[in-house]
Amino acid sequence: MSGGIRITGVDITPVAFHDPALLNAVGVHEPYALRAIVEVHTDQGITGLGETYADDGHLRRLRAAVEVITGMDVHTLGGMHRRISEALGGDTGSDGHGLTGMITSSSTADRVFAPFEVACLDIQGKAAGLPVSDLLGGAVRDRVPFSAYLFYKWAGHPGAEPDGWGEALDPDGIVAQARRMTAEYGFGAIKLKGGVMPPEEEVEAVRALHKAFPGVPLRLDPNAAWTVETSVRVAGELDGVLEYLEDPTPGQQAMAEVARRAPMPLATNMCVVAFDELSSAVARDSVQVVLSDHHYWGGLQRSLLLAGICRTFDLGLSMHSNSHLGISLAAMTHLAAATPNLTYACDTHWPWKSEEVVVPGALEFADGAVRVPTTPGLGVELDRDALARLHEQYVRCGLRERDDTGYMQRIDPSYERKSPRW
Ligand SMILES: O=C([O-])[C@@H](O)[C@@H](O)[C@H](O)[C@@H](O)C(=O)[O-]
Ligand SMILES: [Mg+2]
């Protein structure tokens, strides 16, 4: 491209926002979730936005990437990915971002590249006067449906005020949470984060949801907390109730064994999280649905590549989420809008947060869906006061990586991390 739009600098601002005491297979969410807000500046005065993880190792790798992409044209995304991979070398780090599978050097490069790719597409869209969905091939839907995301939870963090959502530790609590979340957002699909209670209790909770929300697609995700035998038993008990069962057991081989004996499709954001894990999963028929997530599949264009591979091999496609803010929601919405075979409602942790960094109004939920922004770029703008406030909160809170297990062990020293647990 002649002339191009060159990157002149990048600001990376880590932020912390309040997160309720949500329970999962490895512990409990800490009082704050961390994210990094990426602002890419250019010689044409256009700035693009990205959002990503903010643990210390990831921040260090993002800063290393800035060194090698400064001066590049925002249209040269292939070259940018290559430069970032080379600059990171073997710096793979660990999964400081939640239950999203094994990290390899290629998946680390994808994670680091992703927020810069999103920001560059934001810039390209602003320069061309087109929404990001148009740059991805065009929206095939104007609203993107999301799913309610239920958690077992405490009423509040120990020693702090209750968060307002109430305790949910049994089927009644889960159904009450679902009623409130679906009433507020209009969600037409429901996911329960499992792996917290003994499997029989989680089966009971899902059956209670099925009774309270007849006809609504349900999912259960125990994050690999079960053995093959437990997974097969639960799958049989929830026959006709779940649209898919997500990551019941660890590893592609065990997932394949469950898949052979389970009546419903298996989904994953743990045993297939990078391109180099797809061929073995297909060969073994380990999973029938892959949860994409542009934050670790290397951005929006690479997520479209994943969608094409899923279509080729007849795999279903859904979308994964961790705790996130509005820049991520905008990117997820554009991507989902432009992905024809993304036919499941996407995950989002959105209802669990009470703070934001983007100016309100651009992304609203109605009937469980977000209208795809049609303004140029991602269609969201930073609220600079909010950014400063949440950065200040990051500085003060002292958290520097997500550690659900460590936090749980400070509360209950007998807690052990185990996979599978049951
Ligand atoms: O936030 C959580 O506790 C979730 O368990 C998250 O870490 C997972 O990555 C995720 O939502 C999932 O679907 O596995
Ligand atoms: Mg999952």
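1. Let's start with the annotated residues. The unreviewed UniProt entry marks Lys193 and His320 as "active site". They are spread over 128 residues of sequence, yet they cluster in space, with a largest C-alpha distance of 12.1 Å. Keep in mind as you look around that this is a predicted model.

2. Where does lysine 193 sit? You'll find lysine 193 in strand β8, which covers residues 190-193.

3. Now step back to the overall layout. The chain splits into two domains: domain 1 takes in 7-132 plus 384-396, and domain 2 runs over 134-371. Between the C-alpha centres of domain 1 and domain 2 there are 22 Å.

4. How many residues are in contact between the two domains? On the domain 1 side there are 44, and they meet 48 residues of domain 2. Several elements of domain 1 supply at least two residues each to the side that touches domain 2: the strands β1 (7-18), β2 (23-24), β4 (32-42) and β5 (47-52), along with the helices α2 (77-88), α3 (105-128) and α13 (384-397). Of these, α3 gives the most, with eleven residues. By class, this side of domain 1 has 24 nonpolar, 14 polar and six charged residues.

5. The crossing of α1 past α2 is right-handed.

6. Which residues make that contact? From α1 come Arg61, Ala64, Ala65, Glu67, Val68 and Ile69, and these meet Met80, Arg83, Ile84, Ala87 and Leu88 of α2. Sorted by class, the contact holds eight nonpolar and three charged residues, with no polar ones. Note that α2 also turns up among the elements that supply residues to the side of domain 1 touching domain 2.

7. As for who touches whom here, α7 contributes Val228, Ser231, Val232 and Ala235, while α8 brings Ala254, Glu257, Val258 and Arg261. The contact of α7 with α8 divides into five nonpolar, one polar and two charged residues.

How values were computed:
Residues numbered from 1 in each chain as written. Chains lettered and ligands numbered in written order. Predicted model: local features only at pLDDT ≥ 70, side-chain atom pairs only at ≥ 80, totals over all residues. Domains from an automatic or database assignment. Contact = placed C-beta atoms within 7 Å. Helix = DSSP H or I, 4+ residues; strand = E, 2+ residues; numbered from the N terminus. Nonpolar A, V, L, I, M, F, W, Y, C, P; charged D, E, K, R; others polar. UniProt positions renumbered as here; feature names shortened; annotations may be inferred. Left-handed = near helix turned anticlockwise from the far one by under 90°.
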